[in-house]
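User: Please go through this model with me, taking helix packing, the ligand site and the backbone in turn.

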Amino acid sequence: MRLPYVDNTNPLYYQRFQPWRDVPRSDWDNWKWQLQHTISNPEQLAEILPLTEEAKERVRHTLPKYKFAVAPYYLSLVDPNNPECPIRLQSIPTEAELHIEAGEMDDPLAEDTDMPVPNVVHRYPDRVLVTITGVCSMYCRFCTRRRFVMDKEGHKERNEVDVICNYIGSHPEIRDVILSGGDALMMGTTMLVEIMSRIRAIPHVEILRIASKIPCVLPMRITDELVTTLKRFKPLYFMTHFNHPYELTPEAKIACERLVDGGIPVMNQSVLLRKINSDAAIMKKLMQELLALRVKPYYIYQCDLSEGIGHFRTPVGKGIEIIESLRGHTSGLAVPEFVIDVPGGGGKIPVAPHYLISQSDKKVVVRNYEGFISTYPQPTLTDCTCSTAKAVETGPPSLHEHGVARLLHEDSISIEPHETRDALH
Ligand SMILES: *Cc1c(COP(=O)(O)O)cnc(C)c1O
Ligand code: SF4
C-alpha cells in the first residue's frame with residue numbers, strides 16, 4: 001500500500017525530515033543506530049517535527065509523569081501536516097494524558113495482585129505472562145502498563161530471572177509462557193537467549209510466545225540472525241502489535257515476512273483507539289493487509305482503564321460494530337476476537353455481535369452477516385461422551401473443575417460470589 005503522505009516507492013522516504021537527510025541507508029537500517037538516535041525530549045522532537053511552543057510545553061508537561069521515547073524510524077512515519085495523524089497520536093504526548101477520569105486506575109488489570117512472584121502474572125490456569133523487561137523502543141501513549149514501563153527501568157537481574165524460572169519450574173500446570181514487558185525484544189539477543197533457554201529446559205513448558213511491538217516500531221531489529229536464533233526455541237509464537245495500515249511500511253513487511261519465513265507464526269493484537277483506528281474501514285484494511293503478510297489477526301482489545309488515557313477510549317459498541325463489519329464480509333482468517341480485558345483481573349472477555357437469535361429443544365434460530373435468518377434442527381441423539389476423553393486428559397487442571405464450565409456438569413448448581421456468602425453468614 002502506498003502511504004498517502006509518504007513516497008514509499010522511494011525507500012529513503014524518511015529523508016523528507018531535514019535532520020536525517022544525509023543518514024546513510026546502512027545506519028538507518030541498523031537497529032542499534034536507531035536506538036542511539038532515539039528521540040526522548042521535546043527539544044529533540046522539535047528539531048524534527050515543526051512543534052509550536054505550546055506543543056513543546058505540552059510534551060514537557062507530561063514527561064515527568066509518563067515516559068516518552070520514539071526511534072527515528074517510527075517518527076519518520078508521522079505526517080507533519082496532520083495533527084490527527086495516527087502515528088503521531090500513538091507516539092507523541094498530549095496534555096490529555098494529564099487528565100485522569102473517574103474509574104481510571106494505576107493497575108487496571110490488577111496484574112500486581114495476580115503476581116505470585118515478581119514479574120510473573122499467573123491469571124489463567126495453564127499459562128503465565130512474564131515481564132522480562134520494562135523497556136520499549138516507543139512508549140505508546142495508551143499503554144496499559146504505563147505504571148510499569150515507567151517505574152522499572154532496564155532489564156531483569158540474573159536473580160530475578162532465577163525467581164521467574166523457579167516459579168515456572170515448580171508449577172507443572174504451566175504449559176505456555178509469554179515473554180512480555182515492556183518489549184521482550186528490547187533485550188540484547190544474548191540475554192534473551194539465556195532466559196529462553198532456561199524456560200525451554202523446563203519439561204512441562206510446551207509453547208513459548210514472544211510479545212513484541214518491534215516489527216511495528218523498530219522493524220530493523222528483526223534480522224536474519226535473530227530469526228535463526230529464535231527458531232531454535234520452537235514451538236514459538238510471535239505476538240505483535242500493529243494498530244493502523246500506515247504502520248505496514250516496506251520495512252515492517254520485511255520484518256513480518258522474515259519471521260514467518262523462518263517458521264515462526266506471527267499473530268497480531270491491536271488496541272481499539274479513538275480517532276486512530278476506531279473505524280471499520282481502517283480495521284478491515286489493517287486485518288486484510290496483515291493476513292496477506294501471513295500475520296494472523298488474533299485480538300482487538302478494548303482500551304483499558306489506565307490513568308490518563310480516557311481520550312483513547314471508544315464505546316464498547318464500536319468494537320462490536322467493527323466485528324460485525326468484518327465477519328462474513330471478509331476472510332474468516334482476517335477476523336480477530338474483540339475482547340475487554342476487564343478491570344480487577346478478570347482477564348479477557350470476548351464480546352461479539354449476537355448470531356444466535358433464539359432456540360428451542362428442537363431448533364436454533366441464527367442469522368448471518370447479511371441478516372438472513374435460518375434455522376438449524378437439533379439432533380435427536382444428544383449423548384456426546386467420547387470413549388477416548390479420559391485417556392487424553394493429562395494432569396491438572398481438569399477442564400471441568402473450574403469456572404462456568406463446571407456448572408455444565410450435573411453435580412454443580414451454582415457459582416456463588418464470595419460477597420454473597422459473606423453477607424449470608
Ligand atoms: C493475555 C494474557 C494471556 C494470554 O491469553 P491468551 O488468551 O491465551 O492469548 C496470559 N496471561 C495474561 C496475564 C494475559 O494478560
Ligand atoms: S510496546 Fe507495549 S508495553 Fe511498550 S509502551 Fe507500547 S503497549 Fe506499552
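The questions and answers below concern a predicted model.

User: How are the axes of H8 and H9 oriented to each other, roughly parallel or oblique?
Analyst: Helix H8 covers residues 158–169 and helix H9 covers residues 189–200. Their axes lie 10 Å apart and pack at an angle of about 25°. Angles under 35 degrees count as roughly parallel. H8 is therefore, relative to H9, roughly parallel.

User: How many charged residues are in the contact of H8 with H9?
Analyst: From H8, the contact draws on Arg 158, Val 161, Asp 162, Cys 165 and Ile 168. H9 contributes Met 191, Glu 194, Ile 195, Arg 198 and Ile 199. Nonpolar residues number 6, with no polar residues, and the charged ones number 4.

User: What is the handedness of the crossing where H8 passes H9?
Analyst: The two helices pack at an angle of about 25°. In passing H9, H8 makes a crossing that is right-handed.

User: How is H9 oriented to H11, roughly parallel or oblique?
Analyst: Helix H11 spans residues 224–231, and its axis and that of H9 come within 11 Å. The crossing angle is roughly 10°. Since angles under 35 degrees count as roughly parallel, the orientation of H9 to H11 is roughly parallel.

User: How many polar residues are in the contact of H9 with H11?
Analyst: Thr 189, Leu 192, Val 193 and Met 196 of H9 meet Leu 226, Thr 229 and Leu 230 of H11. Of these residues, 5 are nonpolar and no charged ones occur, while the polar ones number 2.

User: How does H13 lie relative to H14, oblique or roughly parallel?
Analyst: Helix H13 is made of residues 280–292 and helix H14 of residues 316–326. Their axes come within 9 Å and cross at roughly 55°. With that angle, H13 is, relative to H14, oblique.

User: Which residues of H14 make the contact with H13?
Analyst: H13 passes H14 in a right-handed crossing. On the H13 side the contact is made by Ala 280, Met 283, Lys 284 and Met 287. The contact divides into 5 nonpolar, 1 polar and 1 charged residue. On the H14 side the residues are Ile 322, Ser 325 and Leu 326.

User: At what distance from an oxygen atom of ligand 1 does a polar side-chain atom of Tyr 298 lie?
Analyst: The residues around ligand 1 include Val 121, Tyr 124, Arg 127, Leu 129, Ile 178 and Tyr 299. Arg 209, Tyr 298 and Lys 348 are also among them. Arg 209 has a polar side-chain atom 2.8 Å from an oxygen atom of the ligand, and for Lys 348 the distance is 3.1 Å. For Tyr 298 the value is 2.6 Å.

User: What is phi of Lys 275 near?
Analyst: Lys 275 belongs to the loop between strand S6 (266–271) and H13. Lys 275 is a residue other than glycine, and its phi is positive, near 70°.

Definitions and conventions: Residues are numbered from 1 along each chain as its sequence is written. Chains are lettered from A and ligands numbered from 1 in the order in which they are written. This is a predicted model: local features need pLDDT of at least 70, side-chain atom pairs count only at pLDDT 80 or more; totals for chains, interfaces and linings use all residues. Side-chain values use heavy atoms; hydrogens and water are left out. Axes are lines fitted to C-alpha atoms, for helices over the stretch in contact, and angles run from 0 to 180 degrees between N-to-C directions. Helices (H or I, at least four residues) and strands (E, at least two) are DSSP runs, numbered from the N terminus. Angles under 35 degrees count as roughly parallel, over 145 as roughly antiparallel, 65 to 115 as roughly perpendicular and the rest as oblique. A crossing is left-handed if the near helix is turned anticlockwise from the far one by less than a right angle, and right-handed if clockwise. Contact means heavy atoms within 4.5 Å. Ala, Val, Leu, Ile, Met, Phe, Trp, Tyr, Cys and Pro count as nonpolar, Asp, Glu, Lys and Arg as charged, and the others, Gly among them, as polar. A residue is near a molecule or strand if one of its heavy atoms lies within 4 Å of it. A polar contact is a pair of N or O atoms within 3.5 Å; within protein, one must be able to donate a hydrogen and the other to accept it, and residues adjacent in sequence count only if both atoms are side-chain atoms.
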